[in-house]
Amino acid sequence: MRIIRRTGSTALAVAATALLIGAGPAFADGGTPTPVPSSTATAPTPAPAPSEATPEPAPTVTSGSDDQVPVVPRGAADTGVTTTAAPSSGDGTLIGGLAAVFAAGGVGVYVLRRRRTTGA
Amino acid sequence: MPSPGRAGRPLERSAPVVLRIPAIGVDTPVVRLGLQADGSVEVPAVTADDRAGWYRYSPTPGQRGPSVLLGHVTVGKYGDGVFRRLDRLRPGDGITARLENGTTAEFAVTAVRTVGKKEFPTADVYGNVDRPELRLITCGGPLTGDEYRDNVIVFAVLTRAGER
């Protein structure tokens, strides 16, 4: 009897599994196709790697132009960097970043010492 | 010493490599400049020993047309730029450009103008002229925030050209 019961349970499990497997394709085929995200479709476009040299736009040269300066820059020239302007802030950022790292390290050391002191 | 050639006669195209302005103590190598991503003119690097730069879409010094060179007035924490005293030039002061091919072009200042950046005289700087001329550009005027309000522009004309 035990064998029959076990066989019966197994058959039931197999039938249920078959139903579940069968339901999958039926649902996919019969229903409205839903776009499935693929790895290639959703892969983020990698940002251009930063480089020191800013890519220069292709100069627009007027064909047949007699201009002695065929590519005229836009606007004025930015030929003065003050002491408070951007270049010095680069170093400031670096220093600030290092300070943050050291500060985080200091917190870690403090926590470790607390744990050792309390035996944790 | 360069041997004098015909005064004002245009030269062949050859990039400038050295710029000398004795009246204000300038003796600098010259780098080549192009355009920045926003279409404005590229400027020399901000360094302790900053240099002048030649806008490479303009004629070379001594060619017919306006040859445009730029330099910083100040370079942030490094202090004065190579064109710090450009506004002290006066008509008649001499400017010498040594070119890559060994030729030397000598210019005389004809005008020094300080103009607001918002009213930059594009046509006067980059427009056609009927002789070899030079334009030296830097910043000047009062500071507005982190920027200079004006550009100082030196206009000069070729007076003599020769080979080394």
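**Chains, interface and selected residues**

Among the contacts in chain B between residues at least 6 apart in sequence, 61% join residues at least 24 apart, where contact means heavy atoms within 4.5 Å. This is a predicted model, in which local features need pLDDT of at least 70 and side-chain atom pairs count only at pLDDT 80 or more, whereas totals for chains, interfaces and linings use all residues. Residues are numbered from 1 along each chain as its sequence is written, chains are lettered from A and ligands numbered from 1 in the order in which they are written, and side-chain values use heavy atoms, with hydrogens and water left out.

Chain B has one helix and eight strands, and its elements, read from the N terminus, follow the order β-β-β-β-β-β-α-β-β. Helices (H or I, at least four residues) and strands (E, at least two) are taken as DSSP runs and numbered from the N terminus. Chain A, in contrast, has three helices and zero strands, in the order α-α-α from the N terminus on. Of the 164 residues in chain B, 54% are buried, while in chain A, with 120 residues, 9% count as buried; here buried means under 20% relative accessible area, exposed over 50%, and partly exposed in between, with a 1.4 Å probe and protein chains only. Chain B exposes about 7,300 Å², of which carbon and sulfur atoms supply 45%, and chain A exposes about 9,900 Å², of which carbon and sulfur atoms supply 66%. These accessible areas come from the Shrake-Rupley method with a 1.4 Å probe, and for residues only the protein chains shown count as cover.

The interface comes next. The size of an interface is often given as the accessible area lost when the parts come together. For chain A and chain B the buried area is about 2,700 Å², 56% of it on carbon and sulfur atoms, the term denoting the accessible area (1.4 Å probe) that two parts lose on being put together, summed over both. In terms of residues, 27 of chain A are in contact with 40 of chain B. There are 13 residue pairs in polar contact across this interface, both residues being at pLDDT 80 or more. By class, the side of chain A that touches chain B has 13 nonpolar, eight polar and six charged residues; Ala, Val, Leu, Ile, Met, Phe, Trp, Tyr, Cys and Pro count as nonpolar, Asp, Glu, Lys and Arg as charged, and the others, Gly among them, as polar. A polar contact is a pair of N or O atoms within 3.5 Å; within protein, one must be able to donate a hydrogen and the other to accept it, and residues adjacent in sequence count only if both atoms are side-chain atoms.

The count of salt bridges between the two chains is one, and Lys117(B) forms it with Asp78(A), the closest N and O atoms being 3.7 Å apart. A salt bridge is a side-chain nitrogen of Lys or Arg within 4 Å of a carboxyl oxygen of Asp or Glu.

Two residues of one loop deserve a look. Ser40(B) lies in the loop between strand 2 (26-33) and strand 3 (52-55) of chain B, and it counts as buried because its relative accessibility is 10%. Leaving out residues up to four places away in sequence, Ser40(B) touches Pro73(A), Arg74(A), Ala76(A) and Leu35(B), and its side chain makes a polar contact with the side chain of Asp38(B) at 2.6 Å. Asp50(B) is placed in the loop between strand 2 and strand 3 of chain B and, at 10% relative accessibility, counts as buried. The side chain of Asp50(B) reaches the backbone nitrogen of Val82(B) at 3.0 Å; beyond its neighbours within four places in sequence, the contacts of Asp50(B) include Thr28(B), His72(B) and Asp80(B).

Over all chains, the salt bridges number nine. In one of them, Glu100(B) and Arg32(B) meet at 3.1 Å, N to O; Glu100(B) lies in the loop between strand 5 (94-99) and strand 6 (103-116) of chain B and Arg32(B) in strand 2 of chain B, so the pair ties together parts that are 68 residues apart in sequence. Glu100(B) counts as exposed at 53% relative accessibility, whereas Arg32(B), at 47%, counts as partly exposed.
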